[in-house]
Amino acid sequence: MHIGIFETSDAASDAAAELIIDLFSRKPHATLGVATGSTPEKLYARLRAAHAAGTFTLKNSSAFALDEYVGIAEDHPQRYRNVLRRELVGKDKTGLTEAGLNTPDAGADDPEQAALVYDRMIGGSGGIDLQILGIGVDGHIGFNEPGGSLVSRTHIEALAGQTISDNARFFNGDTSQVPRRCITQGLGTIMEAKRLVLLAFGANKADAVAQLVEGPISAKWPATIMQMHPDVVAITDTAAASKLEFADLYQERWRLAKGE
Ligand code: F6R
């Protein structure tokens, strides 16, 4: 795992944007896995700026969301398809088309079947070249909460109490408005992406980041499965990295990879 530790989330988001822009300059039809939540917002702003500058476009690409709430109204601003539309879709954003944006059909009559279909769609697309990830305070990636299978496929998940209270900020601070269920890419699905780029900002993510990088692989901290992936880049600010025992080594290794 490569760990980049930056003073600010702005600098960290610059570094993540650089990785993505570089991938698309080499492979313009690459498939991008996209996260929601607040962590990737600055990254998406940078991708929009690069699109405006003509150095980046998703117009020829497909994007796959990590997850979607079950039981949320189609026009709800926090439905992840709507969030991702606002962030990425259109010529004035990143060039991603409406048809190019894939999200689990969580409003389907049979969400379990919809999860299966979504998993197959990812495989059928040729797979995800680069998956952007955030991390939950409880160590979830996607919405794979503690205690689940480390090799799961896309499935319906129950959100943990921690996640519901963390996400209440998107629902007027009211936990009762946060959906209880979602469809999420499984850990096995996420692990099939060719490259995983995880972002983590703020002191409240420090425990999860320490477990991700240095903890034992365990269903208690689902993100730890990423230690088994050959190409992971974790990009954090100093607050999220504050509990890493070997931070100096990781920074040295980062400089080595940059040829410094
Ligand atoms: C979102 C997702 C989640 C978030 C995580 C962190 O699609 O899959 O894993 O990345 O809950 O959320 P924020 O970024 O809001 O702290």
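This is a predicted model: local features need pLDDT of at least 70, side-chain atom pairs count only at pLDDT 80 or more; totals for chains, interfaces and linings use all residues.
**Entry 1: the antiparallel strands**

I began with strand S4 (residues 67-70) and strand S8 (residues 181-184), which pair in the antiparallel sense over four bridges. For me, two strands pair if DSSP finds at least two bridges between them. Strands (E, at least two residues) and helices (H or I, at least four) are DSSP runs, numbered from the N terminus. I found Asp-67 opposite Thr-184 in S8. Next I looked up strand S7 (residues 155-158), which runs antiparallel to S8 and is joined to it by four bridges. Here Glu-157 has Cys-182 of S8 as its bridge partner.

Residues are numbered from 1 along each chain as its sequence is written, and side-chain values use heavy atoms, with hydrogens and water left out.

**Entry 2: the open sheet**

I then traced an open sheet of seven strands, in the order S1-S10-S9-S6-S2-S3-S5, with parallel pairing. Which strands are at the edges? They are S1 and strand S5 (101-102), each of which pairs on one side only. Within the sheet, I looked at strand S2 (residues 32-34) and strand S6 (residues 130-133), which run parallel and are joined by two bridges. Leu-32 has Leu-130 in S6 as its bridge partner.

**Entry 3: the ligand**

- A polar side-chain atom of Thr-36 lies 2.7 Å from an oxygen atom of the ligand.
- For His-140, an N or O atom in the side chain is 2.7 Å from a ligand oxygen atom.
- Gly-142 brings a polar backbone atom to 2.7 Å from a ligand oxygen atom.

Taken alone, the ligand exposes 410 Å², and the protein buries 94% of that (Shrake-Rupley method, 1.4 Å probe).

I looked up the largest pocket and found about 400 Å³ of space in it. A pocket here is an open set of points on a 1 Å grid over the protein atoms alone, where a 1.4 Å probe fits, with protein on both sides within 12 Å along at least five of seven lines; lining residues have an atom within 4 Å of a point. Of its 26 lining residues, Gly-37, Ile-135, His-140, Asn-167 and Lys-205 are the closest to its centre. Helix H5 (residues 161-167) gives the most to this lining, with four residues.

The second largest pocket holds about 290 Å³. Its lining includes His-2, Phe-6, Arg-195 and Trp-254. Strand S1 (2-6), helix H1 (9-26) and helix H8 (247-257) are the elements that give two or more residues to it. Which of them gives the most? I found that H1 does, with five residues.

Definitions and conventions
Grid points are joined across faces, edges and corners, and a volume is the space filled by probe spheres set on the points. A polar contact is a pair of N or O atoms within 3.5 Å; within protein, one must be able to donate a hydrogen and the other to accept it, and residues adjacent in sequence count only if both atoms are side-chain atoms.
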